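Let's take a quick tour of a structure together. We'll start where two chains meet, then head for the inside.

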Amino acid sequence: MPLSAIKTVAKAQNGVGAFILQCKRLDFHYSNWAGSSRGMNAFIRSQLPVFAKNNPQIEIRVSPRGNKHPVIIGHYINGKTKPICVRNMTPEGVREKTELLRDASGEKLKRVNKPVTSLNESVRGIWSPFHGAKIQI
Amino acid sequence: MRRIPRSPRSIALLSPSSSILRPSYHPPATLCLRPAPSPFSTSPKCRAGIMSSYSSQRKHQAFVRKWQKRLLGESEPIGAHVDPYDATSPVRIAPEEMGGEEEVLDEEQGVPGEDGVVRGAYVPATRGEGLERVGGKKWRAEREEEEMRELWVEVMGRDVGEPDSFDIPTKIPRDPQVLGRLFHQAVVEVYTLKEAKQELDLARYARKGRYAVPDWIYETSVHYSRKLGLELGISEAQKQELLKEIEFAPPAEEVLGEETLTEDLDEELEDPAVEQLEEVVEEVVEAKEEAKAEPEKEIKKVQKKSFDFMANRQFPRSMIKDEAAPAPIEEQVIAEPVVIEAEPEPVLEVRQPAEPAKATESEVIVETATSQPAEPAEAPEPQIAIETPSPKPKQSFETIYSRVPLTDPALKFALAKRLTTLTGHRLSDPTLHTTTTLGDLLTSLLATAKPKPATLHEALKLQHKELRAQPKKSRAQLAREGLRRKESLLDLPNVVVRGKKEGLRDREREVGRWKVVEYALAERGLDVPGEGRRGAKRIH
């Protein structure tokens with residue numbers, strides 16, 4: 001049986017070769033009556049057309065949801081959703097939350113304790129007591 | 001009882017103690033046995049009786065008959081010698097039997113119908129059921145209440161339960177042309193008052209600005225110059241007529257009409273409610289009389305009063321009476337020609353006057369906003385004649401009034417208040433602060449009057465419609481102007497805008513599963529759920 005080496009394939013990293021935006025859809029729910037939706041309504045009228053034009057890869061839905069606070073729901077490729085309530089926010093605040101949802105992935109938020117997060121193994125190897133300078137007594 | 005002749009001598013009672021209790025004509029018991037003198041007492045007390053002055057009935061009758069003849073004439077009255085209680089007495093002759101005219105009221109007479117049968121005639125009632133009850137405290141109170149209510153309606157111009165509209169019209173116009181005409185009316189009224197150096201606020205006059213507006217107001221030309229300001233193209237007669245209409249105050253006698261008060265018996269006038277009304281009316285009369293001498297003081301007085309319903313009269317009594325007779329159209333009302341000084345500068349554009357009948361009016365010069373450069377300092381003052389805003393597009397209103405500055409706060413406020421009264425649209429304070437010309441004021445009014453969309457969905461559709469109506473410019477042109485192309489949300493391919501809350505039906509329909517759901521439900525004999533609360537069950 002001839003032995004053949006495992007062909008190494010380049011590890012795919014989103015953004016190295018191609019970049020696929022994780023956010024596939026954004027739902028904007030507003031209210032015609034509630035005062036907490038004033039900023040959202042102003043954002044939809046004035047800034048959302050510009051945002052939608054600049055992000056043609058995101059599907060945007062706008063629909064009313066009466067007697068509720070305004071909310072933006074982001075849908076991601078991994079199937080998860082992230083809602084953010086934007087009650088009593090200014091149009092600029094709503095825009096910031098929109099961009100935050102656009103830049104996020106569907107993964108849950110985790111606390112990062114390490115300074116570096118990398119898929120590459122360590123260059124100098126993990127320390128062991130058996131490798132290193134000899135102990136002289 | 002036989003008549004006993006009266007004795008001329010005074011006879012005292014023989015037994016004073018017993019005769020005190022008995023009547024004087026009965027002789028005392030102790031005196032029955034012997035003929036006693038007349039038992040009658042002719043003391044002055046008894047002599048004063050009526051019948052005591054005549055000796056016989058005959059003499060009395062003669063005396064009465066003598067005076068009857070003197071007073072009534074020779075004919076003997078019917079009831080002179082007859083018994084009125086006798087059934088056959090001639091006094092009991094009925095008027096219809098006598099042959100005299102019988103008074104019949106019109107209400108009692110019936111109206112003959114087409115078939116000849118008389119209907120509606122008065123039929124005397126035999127029972128009291130169903131008849132109107134007249135009289136009594138309750139009836140009187142109801143009648144007074146009704147009269148007071150009628151007085152209120154006549155004075156205030158509205159019913160008792162109706163809320164006060166505060167001079168704001170119920171039908172609020174939104175058509176720009178109608179608003180333009182009302183704006184022009186307000187300008188003419190306020191500037192006329194300004195020229196006459198009168199109070200600018202029309203609501204401070206007795207009529208509160210409610211009068212029959214003459215038609216020539218809407219066709220009045222306006223003339224603006226930097227030195228003289230805005231001048232109206234109306235004659236002195238028209239000006240006086242307008243001032244008279246605006247400042248008209250009904251005299252006190254007309255305010256207190258006799259027919260407004262109850263003209264019943266004296267007992268009704270003594271009623272405390274009516275007396276209170278009269279006191280209030282007297283106070284108003286005094287206020288009005290003082291107002292005639294000093295109009296400014298009248299305003300302060302009226303404001304201090306807690307309730308003065310007689311002052312808010314919509315129309316004076318004379319106007320109500322003259323409603324039936326229309327005012328004759330006078331040819332002198334036509335505006336006299338407005339003389340505009342000759343201009344040495346070239347005429348850029350000439351427009352035809354609004355009414356060709358006014359051919360005596362001098363030429364009207366209108367400068368276009370874009371083509372007219374800045375005037376040099378040494379050139380004479382340009383007099384821009386502005387045309388009347390008759391049915392013209394919106395652009396011409398702004399062009400006409402944009403040159404007239406509006407710096408006087410009192411004038412601006414008077415105009416804004418009059419516009420609120422005429423149109424029902426209230427201009428906000430920040431809007432008023434930012435307006436500097438009449439054109440700005442008109443633009444603000446039109447913007448305020450523009451109907452606003454009730455929902456965001458309607459606003460987006462309106463925005464989409466407006467953007468589509470705009471002429472398309474190339475990117476290069478937009479870049480030169482420093483603008484970016486405005487995109488409508490509804491035009492973008494990655495945007496879906498819904499006017500209603502998204503439901504299961506919408507989501508399933510997008511992926512094409514709804515028809516499968518409907519088919520499956522129909523297969524099992526189940527109702528297809530409707531949208532909203534209709535249908536068997538709401539599916540989320």
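Start with one pair: B:Glu487 forms a salt bridge with A:Lys53, and their closest N and O atoms sit 3.6 Å apart. Keep in mind that this is a predicted model. Here's the rest of the picture, by topic.

**Where the chains meet**

- On the chain A side, α1 (38-46), α2 (48-54) and β2 (59-64) each supply at least two of the residues that touch chain B.
- The largest share of that side comes from β2(A), with 6 residues.
- Sorted by class, the side of chain A that touches chain B has 11 nonpolar, 4 polar and 5 charged residues.
- Overall, 20 residues of chain A are in contact with 20 residues of chain B.
- The two chains bury about 1700 Å² between them, and 55% of that is on carbon and sulfur atoms.

**The nonpolar cores**

- In soluble globular proteins, nonpolar side chains tend to be buried together.
- Here, the largest nonpolar core has 41 residues, and B:Phe183, B:Tyr191 and B:Leu438 are among those with the most contacts inside it.
- Several elements of chain B each give this core at least two residues, including α6 (176-195), β3 (221-225) and α16 (438-449).
- The top contributor is α6(B), with 9 residues.
- Beyond its close sequence neighbours (within four places), B:Leu438 is in contact with B:Phe183, B:Val187 and B:Leu415, among others.
- A second, separate core has 27 residues, and A:Tyr30, A:Ile84 and B:Leu460 are among them.

Notes. Residues are numbered from 1 along each chain as its sequence is written. Chains are lettered from A and ligands numbered from 1 in the order in which they are written. This is a predicted model: local features need pLDDT of at least 70, side-chain atom pairs count only at pLDDT 80 or more; totals for chains, interfaces and linings use all residues. Side-chain values use heavy atoms; hydrogens and water are left out. A nonpolar core is a set of buried Ala, Val, Leu, Ile, Met, Phe, Trp, Tyr and Cys residues joined through side-chain atoms within 4.5 Å. Buried means under 20% relative accessible area, exposed over 50%, partly exposed in between (1.4 Å probe, protein chains only). Helices (H or I, at least four residues) and strands (E, at least two) are DSSP runs, numbered from the N terminus. Contact means heavy atoms within 4.5 Å. Buried area is the accessible area (1.4 Å probe) that two parts lose on being put together, summed over both. A salt bridge is a side-chain nitrogen of Lys or Arg within 4 Å of a carboxyl oxygen of Asp or Glu. Ala, Val, Leu, Ile, Met, Phe, Trp, Tyr, Cys and Pro count as nonpolar, Asp, Glu, Lys and Arg as charged, and the others, Gly among them, as polar.
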